[in-house]
Each structure stands twice: as C-alpha cells, then as structure tokens.
Amino acid sequence: MLRARQTDGAAAAGAALYVASSAHTEGPSPDRERGPAATALDDATLVVRAREGDVTAFETLVRRYRVTVYRIAARILTDPPAAADTAQEAFITAWRRLHEIKAEQAFAAWLYRITVTRALSAMRSRAVRPLVPLDEETTPALDRAPGPEERALADGLAAALRRALNHLTPEQRACWVLREMEGMSYEEVASILHTTPGAVRGRLHRARPLLAQELRPWR
Amino acid sequence: MAVNLAGDRLPCGHRVDQLWACLGSGAPDEHVRACEYCQAALAMIRPLRTATSELAAQPVRVPADLPRRVMAVIGPRIPPAPRIAVPVAAPDRLAISVRAAAMVLRAAGDSVEGVRARSCRLTPAAVGPNASAGLKLTISVRYGLPALSAARAVRRAVRAAARAQLGLTLGPIDIEVVDIHAA
Ligand SMILES: [Zn+2]
C-alpha cells in the first residue's frame, strides 16, 4: 500500500502525491437510504467524521443501519420493546467506541457484533431460557405432548418457527437468525459471534433437529 | 421413516447440511432422488426451510423514533471542542469551535467534484498571519480522478471557505488521499 502526502508548503517543490488505499469497494448495505447521490457518503467517510465529533455524520449511519440493527435484535429477542432498547443501546455503544474501529469500511460488521452481543446479554439477563432446557450437545427428545402441535397448525408455519426458536440456546438462536434469516456467510456469523465458522456450522447442525421436531405437524 | 438429523451423516453417507443447502438452491442429484434416507431427511427438514423463508420474509416494523432516541442520548454527551479566535476589530471578540469550523471545511472539500472530505484536524495555531502548524485533511477521491488536481482544488476551496465563511486565514494545508471510491 502506498502512503504519502502532499503538503501545501512543499507543493511548489513538486511534491508527489500518492494515494493510500485499500482499493476498497463500498460494502453494500441492506438499507441504505435513498437520496441524492451526492449525500450518499460511504460508511468509512461517515465513521471518520463521526469520530471527530460530527453528530450529523453519525445520525446518517444510524438512519442507514437502523432497520438491520433493529431486525437482528428483534429476531433474537422476539420482543419489540426489548429489541428497540437493544438497538438504541447498540448505537450508543457504537458512538462511544468509534475510536476502536480499525477498518472504517467494516463498520457494518462491527455494529452488528455490538448488536448481537447486547441482544444475547439482554436475553440472558431476562432469563428467557429454552422452554425445554437442552444442552447444546444433546439430541432432542423425540416425544412431546400433542397440545402445542395443534396450536401450531392453527396459526401457521412461520409462527410455529418463531415459537420453536425459543427452544434454542441464545448462541444457537443467534446463529440461526444471522445465517438462515439474515443470509450471512458462516465467516461473517463467526466473526460477529467471536467464534469459528466450524462452531457456527456445529450450532446450526444441533439447532436443525430441534426446530424440525417442533415443525413435525407440517411434514 | 425417521432418520437421525443430529448425527454427522445419514446411513447412506450424506450429510444433513448438504441436504439443507440443496433445499435452498439446486435440484437434488441422482443419489438424493433415489435414496430413502435422504428422502426421509428432506421430508423432515423441508417444513423448517419453508418456515425459515416465511419468517425471514415477514416485514419488521422499526420504531420510527429510534434515530431520535439515539441522538437524544448522544447529543448532550459530546464534550466541548477547543475554540479558535477569529480576528475582528478590537474590542470585539469572536471565537469558533474547531468542530464547527471542521464541518464548514469538510463541506468545502465535498464541494469539489469527486472528493469526499474525511478527517479534518484544525489546530488553533493553523490560522492567522503567523500560522505554522498545518490543517490536516484526509480525503477520498473518486476512481479515475487525478489525485493531484483534486487535492489542488480542495486546497483552494477550503482556503476560500475558511476566509469567506469563518473569517480565518489558514496556514499550510496538508492533504492526504486515504481512499478511492467508486463513481
Ligand atoms: Zn442418501
């Protein structure tokens, strides 16, 4: 990477100007605001400005990512007020820790990591444990009372899955939300959850039979 | 027939992840079409795949006041920025915060076609007749734009804005091109 600068005073001496760049392309963000092209500044520019106290720049980032941040929180927590609190706290934490970002272009992944961490701790603190306590390593019990199934059939497959997700551990659930619902890669999910792609695959593999079991009435 | 989805592999050697991925994308291969274990596993996970897609497609209603709530907490917590004295006829005095000045100077940088101003560090010693320390500005330049002429135009625009809008005469302006952005 080239890195040099041109200083005003030295310009007359024909100082060369180089470009320091990671040749980065702007990360596609799912809910980029529509607006005049001139105002659609890239994340890295906004992060640098916000870090220097430009509140407007940070507000643009909040508006750009509010949908994804809230949606991730809402899908992990399944409780709109708690998700709103978590999303708010995630942005405030991001603002406080902007100086910790190493690669400004990677703002989105960094923000999602903060969001998921907060959502998981909110989940643990309110102690919404799986309805059927299951160790991550164990296989599901095969038999359950028919009651829930009848209820499940009545109000739809998606609703049944939403309930079934409560049977997962917080970590399994976060994996399911990020990989299967947000469509992230194993690597992205692993980086957000501070783990390895292999561990993510493992959690999904253990989550699948539990969820499939809950959806048995639809087979 | 029920198969054990929790095992590493089905009795035929296929992995459940492969079948799961295959439900999401392509057509099953010949083995899967003919294999009773694979078919049994598919029957067990198909509703889960459908449910996941349905749930993921459901719109999420984001609270409209989220940005306002965030900014209401952040705003009051911003520490005050240093001030720069603007030369005016005595006995009047005028000062401007470096943060406010930076917003004006970044906007001047942005006004140059293909340029986005990023970091803008203005030190009090950077202004005035005996200015020595530099204004440090980093910019991103649109791909294909000659960086040297872009930097020259930025310097002109920033200097002019400082004078016209802030009443400040800047010392040396140090520009660093730190990124290239797509058109
Ligand atoms: Zn098979």
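A crossing of two helices is called left-handed if the near helix is turned anticlockwise from the far one by less than a right angle, and right-handed if clockwise. These legends describe a predicted model, in which local features need pLDDT of at least 70, side-chain atom pairs count only at pLDDT 80 or more, and totals for chains, interfaces and linings use all residues. Residues are numbered from 1 along each chain as its sequence is written, chains are lettered from A and ligands numbered from 1 in the order in which they are written, and side-chain values use heavy atoms, leaving out hydrogens and water.

**View 1. Helix 1 (residues 43-51) and helix 2 (residues 55-77) of chain A cross at roughly 135 degrees, their axes coming within 8 Å.** That angle makes helix 1 of chain A oblique to helix 2 of chain A, and their crossing is left-handed. Look for A:D43, A:L46, A:V47, A:R49 and A:A50 of helix 1 touching A:A57, A:F58, A:T60, A:L61, A:R64 and A:Y65 of helix 2. Helices here are DSSP runs of H or I with at least four residues, strands are E runs of at least two, and both are numbered from the N terminus. Axes are lines fitted to C-alpha atoms, for helices over the stretch in contact, with angles from 0 to 180 degrees between N-to-C directions. Angles under 35 degrees count as roughly parallel, over 145 as roughly antiparallel, 65 to 115 as roughly perpendicular and the rest as oblique.

**View 2. Helix 1 of chain A is largely enclosed by the rest of the structure, because 8 of its 9 residues are buried.** Buried means under 20% relative accessible area, exposed over 50%, and partly exposed in between (1.4 Å probe, protein chains only). The buried residues pack against helix 2, helix 3 (80-96) and helix 4 (107-125) of chain A, and against helix 5 and strand 3 (115-121) of chain B. After helix 1 of chain A comes A:G53, with a positive phi near 95 degrees.

**View 3. B:R106 sits in helix 5 (residues 98-110) of chain B.** With 2% relative accessibility, B:R106 counts as buried. Beyond its neighbours within four places in sequence, B:R106 is in contact (heavy atoms within 4.5 Å) with A:R49, A:E52, A:D54, B:A117, B:R118 and B:C120.

**View 4. The zinc ion has a tetrahedral site, with angles of 104 to 115 degrees among its 4 donor atoms.** Four donors count as tetrahedral if all angles lie between 85 and 135 degrees. The protein donors are B:C12 (SG), B:H31 (NE2), B:C35 (SG) and B:C38 (SG), 2.1 to 2.3 Å from the zinc ion. Donors are N, O and S atoms within 2.8 Å of the metal (3.2 Å for Na, K and Ca). B:C38 is buried at 0% relative accessibility.

Methods: Tetrahedral: all angles 85-135°; square planar, octahedral: opposite > 155°, others 65-115°.
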